[in-house]
Amino acid sequence: MTIEVRNLVKKFGSFAALDGVDLKVNDGELLALLGPSGSGKTTLLRIIAGLDWPDSGEVAFNGEDALAQGARERHVGFVFQHYALFRHMTVFENVAFGLRVQPRAVRKDEATIRARVRELLDLVQLDWLADRYPSQLSGGQRQRIALARALAIEPRILLLDEPFGALDAKVRKELRKWLRSLHHEINVTSIFVTHDQEEALEVANRVVVMDKGKIEQIGSPDDVYESPATAFVHSFIGESIELPVQIADGVIRLGDRPLRLAADGLAPGASRLFVRRHDMLVGPPGSGAFEGAVQHVRNFGPVQRAEVALSGGETIEIDAPRNRELRAGDTIGLEPRRYRIFAG
Amino acid sequence: MGLTLSWLSIIILIPLAGLFLKSLELSPEQFWNILASRRTLNALRVSFGLAFAAACVNLVMGSIIVWALVRYRFPGRRLFDAIVDVPFALPTAVAGVALTALFAEKGWLGAPLAAAGIKVAFTPVGIFVAMIFIGIPFVVRTVQPVLQDLDPEIEEAAGSLGASRWQTIIRVILPSLGPALLTGLALAFARAVGEYGSVIFIAGNLPNVSEIAPLLIVIRLSEFRYADATAIAVVMLVVSFVIIFAVNRLQRWAQSRIPAR
């Protein structure tokens, strides 16, 4: 099932949760919507599910208008951040719910329903919890049951809203791997929302980075990390050094100090220079584009994180390999192996 | 612990025991004769029957009111929320006078109803109306916190799983509210059975027709027939107790299906 979203706009009062969003999701894809809170990612997901309605724009499933249908008719599996399991039903009945409420004409008989629920509980590896109540399960187990419940209706699309947001770090990591292999197995077009970049980069085939109701970049996890399209993406994904620079007469300046970096093709004016922390190579004083004094060094396993006061006035943090020990007070040269400059 | 027990004894247990002791002054035969008299039976039937009917109406209407108060934001919501408590706070006699004036044949509501051939004041219907009036806050106030606690997401979940609105209400919302609804029903019922002040004004108090059991007790007392009064009281006590106990068990059973979080 493909999903196509065209020029979607949704306002809450004067706040634009979605401000003209276009997106195409391919069949069988596992897509991540990544962004800070308030970026509109959950609103987009809820509109696709039919739980919210846009002010304008289109949503199509396989080219067919989805906005003409309510949540009930769309056949979309939705997994909530806080599980939204039915407290008064056993795990078994929770999973069976979608099958039991089907119209009489298409409803399966009891034996088929039971077999199907067993199958789903097997799939999420929780068949031994069938007779428990949701309150007796751990968070990770509840979320897997919520997923099994959503899958029971054989959804055309699976939508997950911060599915691991309420879980602790260790469980999240396990479930991430599990979700990816599950998706591989069932191969349903899936979209999940997250504010955790690691989660998005690790699980998804493609990542959509959103900010302030707009899509900033769509690309593979490598794309958005290695070639960020905007300043926002660069600073949001991965740890970045951000420096305010001035470009004039083909020269890039940090404060009043010219940098030995090429300014070819860059528009003059105030700009921002982004470098990944581990892309700053340390050299002897006088080498490289920057020069600075080491203020403070901490060791993290294979890297040393150094705070460096640049001679342009800014203080930055870099991650350097430990083949050359840095000490507080050293003067060093720094050469960005890779960098990007965005206007504004 | 000791304090709790002594206090409970002084306030509740000793008066109840006194009631039973007093009724022991009667021989079983006398006791039976008092109860089996037509007037007593009719009074008990009016009290329990109408109280139960009123509690059922309150259950339905109370649920609707709670739903509106919790789920919708509308101007004056806080005011309505406060108004629900009025029957709690109002002296029952005041409520009785107000209802009687309203439903009397020349009252604001009584006149159009009388024109339609329905007589409310001074009939059992009047008792029924008064019982609904005093019982409604019990349902609203017991169900309200539970509904507030119920995450609207579970309705969205039910909807996205293909449930119709009706299926969502029957299969998801009502079972979650079950124990609270039963408690509200029991409280509204208990209050309506014991209600005296507001009912006697509007009831007309016609023996065998619109005479409630508490009033009959008062009448017997004023006739110095103390044993008769206590006999009726004991029956009311036992029946109330049995009903409350049954609802309690039902509620436990409903709750056991939703283990505490």
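Predicted model: local features only at pLDDT ≥ 70, side-chain atom pairs only at ≥ 80, totals over all residues.
Residues are numbered from 1 along each chain as its sequence is written, and chains are lettered from A and ligands numbered from 1 in the order in which they are written.

Chain B has 13 helices and zero strands; both kinds of element are DSSP runs numbered from the N terminus (helices H or I, at least four residues; strands E, at least two). Its C-alpha trace spans about 65 × 55 × 30 Å along the principal axes. Of its 261 residues, 36% count as buried, meaning that 20 or more other C-beta atoms lie within 10 Å of a residue's own, with 12 or fewer counting as exposed and anything in between as partly exposed. Among the contacts in chain B with a separation of 6 or more, 78% join residues 24 or more positions apart.

For a local example, take Gly204(B), in the loop between helix H11 (197-203) and helix H12 (213-222) of chain B. Gly204(B) has 17 other C-beta atoms within 10 Å and is therefore partly exposed. Not counting residues up to four places away in sequence, Gly204(B) touches Phe122(B), Thr123(B), Gly126(B) and Ser210(B). Ile127(B) is 77 residues away from Gly204(B) in sequence, yet their C-alpha atoms are 9.0 Å apart.

Axes are lines fitted to C-alpha atoms, for helices over the stretch in contact, and angles run from 0 to 180 degrees between N-to-C directions.

| Helix packed on H5(A) | Axis separation | Angle |
|---|---|---|
| H3(A), residues 91-100 | within 7 Å | roughly 25 degrees |
| H4(A), residues 110-123 | 9 Å | about 140 degrees |

H3(A) and H5(A) are therefore roughly parallel, whereas H4(A) is oblique to H5(A); angles under 35 degrees count as roughly parallel, over 145 as roughly antiparallel, 65 to 115 as roughly perpendicular and the rest as oblique. In H4(A), Arg116(A), Val117(A), Leu120(A), Leu121(A) and Leu123(A) meet Ala148(A), Leu151(A) and Ala152(A) of H5(A). That contact has seven nonpolar, no polar and one charged residues.

The largest nonpolar core has 101 residues, and those with the most contacts inside it are Ala32(A), Val95(A) and Leu159(A). Such a core is a set of buried Ala, Val, Leu, Ile, Met, Phe, Trp, Tyr and Cys residues joined through C-beta atoms within 7 Å. H5(A) gives this core its largest share, seven residues. Beyond its neighbours within four places in sequence, Val95(A) is in contact with residues including Val117(A), Leu120(A), Ile145(A) and Ala148(A). A second, separate core of 54 residues includes Leu99(B), Ala130(B), Ala213(B) and Ile217(B).

Conventions. Contact = placed C-beta atoms within 7 Å. Nonpolar A, V, L, I, M, F, W, Y, C, P; charged D, E, K, R; others polar.
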